[in-house]
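Subject: Structure handover

Hello,

Here is the structure I said I would pass on.

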Amino acid sequence: MVHPGWVCLLHSLLLLARARQSRGPAGACPLQGKSDLNSFLWTIKRDPPSYFFGTIHVPYTRVWDFIPENSKKAFQQSHVVYFELDLTDPYTISALTSCQLLPQGENLQDVLPRDIYRRLKQHLEYVKLMMPSWMTPDQRGKGLYADYLFNAIAGNWERKRPVWVMLMVNSLTEVDIKSRGVPVLDLYLAQEAERLRKQTGAVEKVEEQCHPLNGLNFSQVIFALNQTLLQQESLRAGSFQIPYTTEDLIKHYNCGDLSSIIFNHDTSQVPNFINATLPAHERITAQEIDSYFRQELIYKRNERMGRRVKDLLEEYPDKSFFFAFGAAENFPKLC
């Protein structure tokens, strides 16, 4: 999930084109009108032009009305639309599911420390119990029910690798549950591209997204899962409040507020475990995990995806491309 405005990425890898960010007026955003809002659209100056557009992993209905017309027009006029992964391809979904599973014959209970397994099971039972009260009337009206949704998200959890269970637990929150049932923005764009019979493609392979996560060593994974459970347990007890919510992220995205999303907060799909309250040895582990994820999921990934974008633009100079990649998740903050 690479950010499209990556000055360092475009400068070093897209030398054949000068990138120009197409933004509206800067300043405070009262959400007064979409024509006045900033846009997460960058134009690659070539003939015909191509575009980078920054998406966000929230229901498209929460942001679509605030996406300026220049972004929608660029999407409509482009010949080819590229995403990180092809989310409309059944193979992609199947491969993503497979890579999350433990080796054949293993179960989570066999690999996790007993206390962490007990706490995990207890937390998932709590989530399942609370889910009916988290569902919205609109979700129920669409025939989406709590048991079905829980099984869709957490079904077969005992067969998953601990790192994927950690990510699952991190997303099993009331806010996340209330957003289910509506396509997220990048999936919506993929469905629209298919409906408009545009040529589509992906710049990543499933394995390239999966293997880095599966590459964490066991002690790091256990640390990450334990920290995630501690955070969720504190939220349940009312002793912890998430400092930066999905609602905040949506507001900043709708305002085109790049600096607030990228530089002031950590909005990665992977939780941030660095915490001043951690003992010194645990803080070192947290920093090692953060460094590993930045290297594997940001820097190496940006470089690889940038090379493929560059190759596509050079191979098809007569095509107008629309690259829709995540705007917030993996921007290299230190580039």
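This is a predicted model: local features need pLDDT of at least 70, side-chain atom pairs count only at pLDDT 80 or more; totals for chains, interfaces and linings use all residues.

Residues are numbered from 1 along each chain as its sequence is written, and side-chain values use heavy atoms, with hydrogens and water left out.

Confidence

pLDDT is the predictor's confidence in each residue, from 0 to 100. The protein chain has an average pLDDT of 82, and 79% of the residues score at least 70. Helices (H or I, at least four residues) and strands (E, at least two) are DSSP runs, numbered from the N terminus. Over residues 1-27 pLDDT stays under 50, and the model has 84 contacts (heavy atoms within 4.5 Å) for them beyond four places in sequence. Residues 329-335 also have a pLDDT below 50, with 28 contacts in the model beyond near neighbours in sequence.

The disulfide

Counting pairs of cysteine sulfur atoms within 2.5 Å as disulfides, the total is 1 disulfide. The bond joins cysteine 99 to cysteine 210, with an S to S distance of 1.9 Å. Cysteine 99 is in helix 3 (residues 90-99) and cysteine 210 in helix 11 (residues 206-214), so the pair ties together parts that are 111 residues apart in sequence. The torsion about the S-S bond of cysteine 99 and cysteine 210 is about -55°, so the disulfide is left-handed.

For accessibility, buried means under 20% relative accessible area, exposed over 50%, and partly exposed in between (1.4 Å probe, protein chains only). Cysteine 99 is buried at 14% relative accessibility, and cysteine 210 is buried at 0%. Glutamine 209 also lies in helix 11 and is buried, at 15%. Leaving out residues up to four places away in sequence, glutamine 209 touches Glu84, Leu85, Glu204 and Arg301.

Helices 7 and 8

Helix 8 (residues 162-171) is mostly covered, with 8 of its 10 residues buried. Among them are Pro162, Trp164 and Met168. The buried residues of helix 8 pack against helix 3, helix 4 (108-111), helix 5 (114-134), helix 7 (146-154), helix 11 and helix 12 (218-237).

Where do the buried residues of helix 7 lie, seen down its axis? The buried residues of helix 7 are Ala146, Leu149, Phe150, Ile153 and Ala154. They fall within an arc of 100° (taken from the directions from the helix axis to the C-beta atoms), so they line one face of helix 7. The face of helix 7 turned away from its buried side carries the exposed residues Tyr148 and Ala152. The cover over the buried residues of helix 7 includes helix 5, helix 8 and helix 9 (174-178).

Glutamine 231 is in helix 12 and is partly exposed, at 29% relative accessible area.

Aromatic rings

Rings of Phe, Tyr and Trp (its six-membered ring) pair if their centres lie within 6.5 Å; planes under 30 degrees apart count as stacked, over 60 as edge-to-face and the rest as tilted. The structure holds 16 aromatic pairs. For phenylalanine 323 and phenylalanine 325, the ring centres are 6.0 Å apart and the planes are at 45°, so the pair is tilted. Phenylalanine 323 is buried at 0% relative accessibility, and phenylalanine 325 is buried at 0%. One aromatic cluster is formed by Phe52, Tyr82, Tyr316, Phe321, Phe323 and Phe325.

A charge sits over a ring if NZ of Lys or CZ of Arg is within 6 Å of the ring centre and within 35 degrees of the ring normal. The charged end of lysine 198 sits over the ring of phenylalanine 75, 5.9 Å from its centre, and that of arginine 236 over the ring of tyrosine 126, 4.5 Å from its centre.

Backbone details

The peptide bond from aspartate 47 to proline 48 is cis, with omega near 0°. Proline 48 is in the loop between strand 2 (41-45) and strand 3 (50-55). Asparagine 156 is not a glycine but has a positive phi of about 65°; asparagine 156 lies in the loop between helix 7 and helix 8 and is partly exposed, at 49%. Arginine 197, not a glycine either, has a positive phi of about 60°. Arginine 197 is in the loop between helix 10 (185-195) and strand 5 (199-202) and is exposed, at 79%.

Regards
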